[in-house]
Amino acid sequence: MSVAINESSNHSKVKTTESFSIFSISVKKIAAVALLQLSVIAVTGYFTYQYYVEPALLSHAIDEKSEHLVNQQTQVDTLKIQTTAQLSLLAQRMGILTARMNRIDALGERLAKSADYSEFNFAQLPAVGGPEQYSGIEQSSELSALLSQMDILLLHIDSQQDQLNLLETVMLNHEIHDDSLIAGRPINRGWLSSLYGMRNDPFNGKLTMHKGVDFAGKDGDDVMATGAGVVTWSGRRYGYGLLVEVDHGAGLKTRYAHAKELKVNVGDVVSKGEVIALMGNTGRSTGAHVHYEVLKKDKQINPRKYIYR
């Protein structure tokens, strides 16, 4: 009986050993199969990435680059069209400026000829110079030519403007000089009733010096300035009655006496031929007239040469 139990125990052990061996073999087979499947999947994934995914990504990147290049080309074309349009507009404006500059030149030439100033030459550009300064900016030939033409035109305009300003100043000074130049009679209508020099005084009959000339006329007639200037006296003065005195500069003054009414005040700027008073009989006078004096450095001089100038 003991032998039978031992045999049975040994048989069980053998069976258990065989079962474990079979299980081990099955596990190994399963692991080998799984490993093989993983290898197949890895290889398949690699080849799929190499031959399908990576080319697709590369193609997408190429497409994006191509689209970007197309956009850039479109922007360049648009910029080129805009630049061409702007250059056309600049050329048009350049033509307008040139036409206006030609008119300014023609005007300047006429003014210079009428004023007889040969030094104002509007037909030539001014003489300029200086070392060349390199800007370092590259420009197209068309743009460079246009900008160069504009620079020359601007320089010409600046020069002509300076010459016109100077010519205007010279002519204005001549006009002021001509306007302030004492000349003519202080009345429109009337006659010369008393000359400059020695005469019998109309009130006492004594021989006295008459330091002006008298122009007789109608009461209330206009009395006019014989030159432009500044009023330095406007009011009553002993012997003169109502008097206007005008300073013409350069030490010259004129006086207009015996007025009925004064039309200007001290400090007023009067022009040549402007009415400054009305003829009257105020002061030391025997009738309606204007006593006219010319003073040089505050001393009365003979106004004859100014009257007949």
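Two rings of Phe, Tyr or Trp count as an aromatic pair if their centres lie within 6.5 Å. This tour runs through a predicted model, and a search of the whole structure finds one such pair.

Select Tyr 256 and Tyr 292 to see the pair, which is tilted, with 5.5 Å from centre to centre and 45 degrees between the planes. Tyr 256 belongs to strand β8 (residues 252-262) and Tyr 292 to strand β11 (residues 289-296), so the pair ties together parts that are 36 residues apart in sequence. Are these two side chains buried or exposed? Tyr 256 counts as buried at 1% relative accessibility, and Tyr 292 counts as buried at 0%.

In soluble globular proteins, nonpolar side chains tend to be buried together.

Next, select His 210, which is in strand β3 (residues 207-210). His 210 is buried, with a relative accessible area of 5%. Its side chain makes a polar contact of 3.4 Å with the side chain of Ser 194. A polar atom of the His 210 side chain also lies 3.0 Å from the backbone oxygen of Gly 212. Leaving out residues up to four places away in sequence, His 210 touches several others, including Leu 195, Tyr 196, Arg 199 and His 291.

Last, select Trp 233 and Arg 237. Arg 237 lies over the face of Trp 233, at 4.7 Å from the ring centre.

Methods:
Residues numbered from 1 in each chain as written. Predicted model: local features only at pLDDT ≥ 70, side-chain atom pairs only at ≥ 80, totals over all residues. Heavy atoms only, no water. Phe/Tyr/Trp six-rings, centres within 6.5 Å; stacked < 30°, edge-to-face > 60°. Helix = DSSP H or I, 4+ residues; strand = E, 2+ residues; numbered from the N terminus. Buried < 20%, exposed > 50% of the residue type's maximum accessible area, 1.4 Å probe, protein only. Lys NZ or Arg CZ within 6 Å of the ring centre and 35° of its normal. Polar contact = N/O pair within 3.5 Å; in protein donor to acceptor, adjacent residues only side chain to side chain. Contact = heavy atoms within 4.5 Å.
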